[in-house]
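You asked for a quick read of this one before you dig in yourself. Here are my notes, point by point.

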Amino acid sequence: MALYIHPLTSAIRDMVAIFSDMGFSVADGPEREDEWHNFTALNVPQDHPARDMQDTFWLPDGKVLRTHTSPVQVRFMETHQPPIRIIVPGKAFRNEATDMTHEAQFYQLEGLAVDTDVTLAHLKGTLQRFFGAFFGGTVEVRLRPSFFGFTEPSVEVDMRLTSESAPPKLKDRWIEVMGAGMVHPKVLSNSGVDPRRFQGFAFGGGIERLCMLRWGIDDIRLFHSGDARLTRQFTV
Amino acid sequence: MMVSYQWLQTFFDGKLPSPEKIAEALTFGAFEIETVEEKNDDTIIDVKVLPDRACYALSHRGIAKEIATLCDVPIMRDPLAKSRPEMLFTDRIHVATDEKRCAYYSAALIENVSVAPSPDWLRKQLEAIGQRSINNVVDATNYVMNEIGTPLHAFDAEKMGNGIVVRPAHEGERITILGGEEKVLTEAMTVIADGTNDVPLAIAGVKGGARAEVTNTTTRVVLEAATFHPTVTRKTAQVLNLRTDASKRFENGVSAALPLYGLEACATLIADIAGGKLAGIAEAGSAHVVAYKLGVSVAEVNRLLGTALNEKEVRAILTRLGLSHEKVENPRERLLEIAKEQLGKPYKYGASVSKDAPDRFDCSSFISWSAAQVGISMPRMVIDQCLFTETIAASAALPGDLIFAVSDPLKRKPFVFTKHETGEEVTHFNPMEESQEFMKGARIEGGVSHDGIYLGDGLVLHASSQKGEVIIENYETSGSFQHIVSFNRFFAVNQERLVVTVPPERLDLRIPQDLVEEIGRVHGYEHIAPTTLPSGRTTIIFNQRHRVMETVRKTLEELGYMEIMTYALIGEGEVTLANSLAPERAHLRASLVPAMQEALDKNYTNAPLLGGEPLKLFEIGTVFTHDSEFLSLALGVRAVGKRGEEKIKALLQEARSALALSFGVHESDIGAEVKNGILTCDLSSYVDSGVGGYPETARVQEVQYRPPSVFPFVLRDVALWVTAASADEVAEVIRGAAGTLLASLELFDTFAKNEKTSFAYHLVFQSNERTLSDNEVSEQMTRVESALKAKGWEIR
């Protein structure tokens with residue numbers, strides 16, 4: 001009998017499997033988040049221009065709908081000491097107009113690895129292995145300078161599928177897929193991890209977008225539309 | 001920011017690489033490039049400058065510096081390379097500033113100006129980067145801002161007195177801004193007021209007022225350059241909905257070193273294009289900036305980047321970056337030398353490292369500044385310095401280690417501290433027990449309030465509040481070290497370091513990791529080799545929430561349910577957003593039921609495309625009460641017609657039993673049917689309990705995805721008798737004959753009679769481009785039937 005699987009569910013299963021082979025556990029946190037975990041602890045201070053980078057849904061009690069899954073980094077480090085390797089496939093929210101590529105609600109894949117000697121080279125290697133396994137075949141990963149309060153250095157992550165078997169639309173094309181960097185020492189110390197001894201990388205990117213690239217889905221709004229015609233096509 | 005290629009060229013003697021080459025170098029070395037567009041005889045590059053680099057890069061000079069670094073071409077004209085401009089003062093204008101709102105304010109008086117349209121080159125240059133030309137004086141201010149990054153403003157000196165006061169706005173104060181609009185201000189905003197009558201002339205850092213506008217009749221000009229407070233400027237611009245080129249720069253911070261360069265450049269340009277003579281300048285507040293020192297070791301660079309750079313390579317990169325630096329081979333010895341040179345410097349409680357050092361110190365600013373000189377970054381406050389350094393035995397203390405002490409806890413002293421990121425002032429009380437800046441939650445019981453540098457032989461070098469200066473004394477007899485907390489050692493104090501003197505405009509270089517980023521991006525991230533994380537460092541911790549979701553999904557997927565996902569923001573719920581996009585998305589969902597109801601209705605109209613009846617859906621998601629959130633499940637089943645309700649009951653019962661079995665609980669624990677065909681279940685108790693790994697679940701590989709069509713579908717049936725053929729074989733033939741218009745094929749009936757089997761199929765036709773006509777579909781059906789007959793099968 002055929003099984004029907006929502007593409008986000010299937011993608012998250014792939015992510016959990018691929019990353020668990022590399023020693024990463026799944027972690028989660030609340031979707032209604034306080035300012036400390038969503039911004040301040042992540043070195044995005046109040047009234048700082050960096051806050052403009054994420055349009056936020058505010059609640060009357062001063063909490064927010066988390067604008068990214070990064071607060072789970074802080075929550076996890078508050079209760080666990082390194083070595084740490086986690087991924088957070090979770091929902092995030094942005095107060096912005098929607099169109100075929102923008103959605104006010106979306107899934108993000110967050111990753112965090114903290115140890116005494118985790119480097120930017122490990123970030124590159126880890127993501128290369130992930131994209132290779134997720135899209136199938138060989139993948140190149142490229143980093144470009146960027147800025148996020150919670151990482152230093154900060155980078156944008158591009159990938160390029162190079163296998164013969166890659167979908168023609170994606171083959172040999174650089175595609176921006178994530179933001180990443182080395183965890184800012186302030187984030188470590190805000191979370192109770194000693195930045196003199198430990199360092200690590202973090203990354204985050206939209207899961208819908210990865211699904212759209214992989215399966216050729218053209219409209220991000222379908223994922224959360226409740227339309228079963230999407231799920232119906234993802235069958236095994 | 002719009003950047004002109006021709007403008008950039010003026011900073012270089014040699015011909016610049018092509019605009020495309022520059023865009024590429026910037027993309028991989030510094031900034032995202034939005035567009036590169038040819039415009040008249042210039043090329044305009046739209047550079048996306050993110051908040052960290054705005055302090056220097058929202059200017060052609062800043063971008064030129066980046067090009068010099070990344071393309072390794074020498075910059076020949078750097079307006080900030082010369083020493084601080086020396087300008088004559090005049091007493092014909094007076095300025096005063098509230099330093100909390102504006103740390104430095106300068107104004108220049110220029111007389112005998114002829115306001116006129118700008119010369120062609122200036123008008124074209126501004127228009128090329130999307131700015132409107134106003135007149136030669138205003139254009140000059142705009143030009144200089146785009147050249148070096150410090151905003152300027154010109155007032156008509158005839159329309160104001162000879163004094164300027166920077167002050168908080170009065171609550172409800174009104175000002176008509178350039179362009180004629182009236183704005184109502186609050187005390188949180190800052191104004192530039194006329195010193196003689198207190199009338200506001202401009203909203204500080206945001207927008208000039210109409211009152212002292214420079215017009216064609218203006219002959220005397222007051223030119224302003226200042227450093228308005230980032231947060232105040234940002235909030236003002238937000239509240240007034242007035243984000244201007246100036247406010248964007250101030251909100252990211254403008255170094256106090258820049259305004260004078262701006263004033264001089266602008267006065268020179270005005271003299272050049274509008275005549276006029278500089279009468280002199282006036283200033284208030286302090287433009288003094290202590291050179292910021294930052295150090296890294298080559299080992300630290302490699303440790304973060306995963307590279308194998310050597311010292312020569314790192315130093316070459318620092319040189320390309322224009323960062324002057326020196327190698328400190330023995331930080332401990334050098335620290336002692338530098339610290340001893342400060343003997344006799346006056347004590348000032350709460351002295352600022354960035355403004356007062358090395359002229360005045362308190363105990364911890366003395367330590368912080370001295371350590372910075374040898375490339376060791378230290379927190380500013382005593383408590384954090386104590387936590388940041390490593391405690392050692394008193395007997396092991398060497399010269400260059402630290403001694404921490406605590407004063408009488410009953411004599412608590414307020415300590416006003418300015419936060420680096422926001423400029424916000426916070427008052428703490430000494431002695432402090434809890435980390436303020438370094439490590440949240442870290443404590444030293446009993447507190448700590450004083451520190452000094454151990455010199456050996458019982459001597460300590462410290463900034464003494466009791467003696468009012470930096471002194472050396474025996475710590476055992478010193479009044480400041482009566483209660484010793486600990487002896488501590490700097491981390492890596494013996495490791496050689498490269499110590500960089502940060503250029504004043506580079507407010508983005510504040511921690512060693514900032515330097516590592518500079519080195520990494522100039523070295524080139526493409527040269528960092530992907531490396532696999534070592535295995536065996538962690539063990540997998542199974543996540544409860546994920547386990548529960550996967551258990552539910554597996555159970556229901558295997559019963560043929562389709563998972564849907566819907567919006568967490570809906571039209572009803574206990575919690576209302578403070579800022580919503582629209583009323584139908586203004587609440588956090590308190591239940592998955594309304595969305596499931598809607599999904600059943602909507603999807604039921606597409607039932608033939610979804611495998612026909614019964615329609616079986618589920619959703620797992622977070623729902624919200626006024627003070628909490630939890631994981632919930634909704635199941636939805638829709639079947640109509642003969643015995644529809646019975647079918648629904650049976651299906652829900654089946655799902656309940658299966659879920660109960662999966663979780664090892666009683667069926668009654670699996671929620672309840674809340675309305676016809678919808679069952680909901682709070683999953684939080686399963687998240688909070690239970691153990692074990694994740695269930696084995698199916699994953700989708702290849703899919704020939706077809707976007708859902710907005711056009712109507714047409715349903716047709718075919719039934720046939722076959723002998724010794726499987727349903728799959730038949731389906732294959734139907735698909736082959738029906739072509740791409742077949743959107744769904746569903747076997748809905750099978751029975752056997754004698755040796756023959758009957759299969760009946762629903763065929764759903766649909767196009768993504770148009771509404772299908774009846775004829776078109778009939779043609780497809782004829783083709784299908786012919787193909788089936790050709791196989792020798794009998795259409796019923």
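1. A term to start with: two strands pair if DSSP finds at least two bridges between them. By that rule, strand E15 (residues 292-296) of chain B pairs with E27(B), in the antiparallel sense and over five bridges. Keep in mind throughout that this is a predicted model.

2. Let's stay with E27(B), residues 497-502, for a moment. One link to E15(B) can be picked out by residue: Val296(B) has Leu498(B) as its bridge partner in E27(B). Strand E16 (residues 325-328) of chain B also runs antiparallel to E27(B), joined to it by four bridges. There, His325(B) stands opposite Val500(B).

3. Now the overall picture of chain B. Its 796 residues include 21 helices and 39 strands. The C-alpha trace spans about 110 × 75 × 55 Å along the principal axes. The radius of gyration is 37 Å, while a compact globule of 796 residues would come out near 28 Å. Buried residues make up 46% of chain B. If you take contacts between residues at least 6 apart in sequence, 69% of those in chain B join residues at least 24 apart.

4. Chain A has seven helices and nine strands. Its radius of gyration is 18 Å, close to the 18 Å from the globule rule for 236 residues, so chain A is as compact as a globular protein of that length. The C-alpha trace of chain A spans about 50 × 40 × 35 Å along its principal axes, and 62% of its 236 residues are buried. For contacts between residues at least 6 apart in sequence, the share in chain A that joins residues at least 24 apart is 69%.

5. Where the chains meet, 85 residues of chain B are in contact with 82 residues of chain A. Which helix gives the most to chain B's side? That is H15(B), residues 512-523, with six residues. By class, the side of chain B that touches chain A has 40 nonpolar, 23 polar and 22 charged residues.

6. H15(B) also packs against helix H11 (residues 311-320) of chain B, at an angle of about 95 degrees and with the axes 10 Å apart. Angles of 65 to 115 degrees count as roughly perpendicular, so that is the word for H11(B) relative to H15(B). From H11(B) come Val314(B), Ile317(B) and Arg320(B), which meet Ile519(B), Val522(B) and His523(B) of H15(B). Those contact residues divide into four nonpolar, one polar and one charged.

7. Have a look at the hairpin formed by E34(B) and E35(B), with two residues between the strands. Gly677(B), in the turn, has a positive phi of about 85 degrees. The strands run antiparallel and are joined by three bridges, with Glu673(B) standing opposite Leu679(B) in E35(B).

8. Val674(B) sits in strand E34 (residues 672-675) of chain B. Is it buried, exposed or partly exposed? Val674(B) is partly exposed, because 14 other C-beta atoms lie within 10 Å, and that count falls between the 12 or fewer of an exposed residue and the 20 or more of a buried one. Leaving out residues up to four places away in sequence, Val674(B) touches Val593(B), Leu679(B) and Thr680(B).

9. Some backbone details deserve a check. Most residues other than glycine have a negative phi, and most peptide bonds are trans. The bond from Pro82(A) to Pro83(A) is cis, with omega near 0 degrees; Pro83(A) is in the loop between helix H3 and strand E4 of chain A. Another cis bond joins Ala357(B) and Pro358(B), with omega about -5 degrees, and Pro358(B) lies in the loop between H12 and H13 of chain B.

10. Two alanines also have a look-in here. Ala492(B), in the loop between E26 and E27 of chain B, has a positive phi of about 50 degrees and counts as partly exposed, with 16 C-beta neighbours inside 10 Å. Ala724(B) has a positive phi of about 55 degrees. Ala724(B) is exposed, with 8 other C-beta atoms within 10 Å, and its place is the loop between strand E36 and helix H20 of chain B.

Key
Residues numbered from 1 in each chain as written. Chains lettered and ligands numbered in written order. Predicted model: local features only at pLDDT ≥ 70, side-chain atom pairs only at ≥ 80, totals over all residues. Contact = placed C-beta atoms within 7 Å. Nonpolar A, V, L, I, M, F, W, Y, C, P; charged D, E, K, R; others polar. Axes fitted to C-alpha atoms, helices over the stretch in contact; angles between N-to-C directions. Parallel < 35°, antiparallel > 145°, perpendicular 65-115°, else oblique. Rg over C-alpha atoms; globule rule 2.2 N^0.38 Å.
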